[in-house]
Each structure stands twice: as structure tokens, then as C-alpha cells.
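Subject: Structure handover

Hello,

Here is the structure we discussed passing on to you. Please load it before reading the notes below.

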Amino acid sequence: MSYLLLHSSTDGQTKKIILKIADQLRRSGCECDIRDLNTDKNFNLSAYNKVLVGASIRYGHFNKQLERFVATHQTQLNSMKSAFFAVNLTARKEGKDTAETNVYTRKFLEKCPWQPTLKAVFAGALFYPRYKWLDKVMIRLIMKMTGGPTDPKTEIEYTNWDSVAAFAIEFENL
């Protein structure tokens, strides 16, 4: 089986999740082509058995490249087995960690012309020391409003790796 695994990552956590999924799939004998939606523009989806797309959310929005990719390939995506996962810090809270309960993911999928076979949401990571000044200020403000950590030295990975592994199994078994 040959799979296309695409990611749109802002700070690297989505890419890290895709790489973990690819590693797990490869151990099962699957071939995985990993590509970056933010830099790669040409995709031949017919060369793959399945497609997995992972995208991060920053300030309530997915990267525009995700929307362009979906608009360009919606017919083909809807005719094959495919999966989508979103990564955001809102998902660190219980009850906001599914495609149905995560407001950003739900809104995206409601207006999206592509309806993936499998959907998930994973909590991202909070690495204040790695952010540019403005991002650090904005994210601290958002965290203060939502009851999250605001110490500028904070580094927390909220991703539930067991959930990621279970999702990889579900994707393989589509």
C-alpha cells in the first residue's frame, strides 16, 4: 500500500505527528510519501491508495494552502479513502478534542468540499521560548483568557501519543 501523508505545520508539531504516524505505518509494511502542503504544490493523488492530511491551526485558522489543496483536489479526495487531523492548543481541554467538538475543525469540515473518511483532532504543543515576540505575546494572551499557562519559559507537549497511534491504526484499516 502506498500512502500520501501531507502536513501543514506552523511550529512543527503537526509534522512531528505525521512522522510518528508514518513510522508506525512503515513498520506495518506501508509505503509513505511525506510532503509539506506549505511548500509542495504538485500532487498526483492517483499514485496513492490513501491520503492523510494533518494541519495546524494558528489564531483560529488553518493555513490557506490547505484550503487551496482541498479546492483543487476535492473530487479525487472524495473518491478515495482519506483522513484528516487538526492540531491545536484548544484540544488540550477535554471535550474540545474531537472533530465534532473542536470548533475550528468542525467549522472547517462543515464548509469543506472534501469529506474525509476518518477525522481526528490532536492537542499541539506550547513552546513559548521558540516563538517570535509577537506570537509569544498573542499566545500568552489567549492562554490567559482560556486558563492556560502564561509563563514565558513554559514548554509543554499536550499531544496524546496513544491517540495518535490509535488513529494511525484506524487509517491503515480504512
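The notes below cover the domains, their interface, the salt bridges and the cysteines.

This is a predicted model, in which local features need pLDDT of at least 70 and side-chain atom pairs count only at pLDDT 80 or more, while totals for chains, interfaces and linings use all residues. Residues are numbered from 1 along each chain as its sequence is written, and side-chain values use heavy atoms, with hydrogens and water left out.

Domains

The chain is split into domain 1 (2-124 + 159-173) and domain 2 (126-158); the bounds come from an automatic or database domain assignment. Between the C-alpha centres of domain 1 and domain 2 the distance is 24 Å. Their contact (heavy atoms within 4.5 Å) involves 13 residues of domain 1 and 14 residues of domain 2.

Interface

Domain 1 and domain 2 bury about 1,000 Å² between them, with 50% of it on carbon and sulfur atoms. Buried area here is the accessible area (1.4 Å probe) that two parts lose on being put together, summed over both. On the domain 1 side, Y59, L89 and R92 lose the most area to domain 2, and together they account for 52% of what that side buries.

The rule finds 9 residue pairs in polar contact across this interface, both residues at pLDDT 80 or more. A polar contact is a pair of N or O atoms within 3.5 Å; within protein, one must be able to donate a hydrogen and the other to accept it, and residues adjacent in sequence count only if both atoms are side-chain atoms.

Salt bridges

The structure holds 9 salt bridges, each defined as a side-chain nitrogen of Lys or Arg within 4 Å of a carboxyl oxygen of Asp or Glu. Across the interface of domain 1 and domain 2 the rule finds 2 salt bridges. R58 pairs with D135 in a salt bridge, with the closest N and O atoms 3.4 Å apart. D40 and R35 form a salt bridge at 2.8 Å between the closest N and O atoms. D40 counts as partly exposed because its relative accessibility is 24% (buried is under 20% relative accessible area, exposed over 50%, partly exposed in between; 1.4 Å probe, protein chains only). K64 and E67 also meet in a salt bridge, at 3.8 Å from N to O.

Cysteines

There are 0 disulfides (pairs of cysteine sulfur atoms within 2.5 Å) in the structure. For C30, the nearest cysteine sulfur is that of C32, 6.0 Å away. C30 counts as buried because its relative accessibility is 8%, and C112 counts as buried at 8%.

Regards
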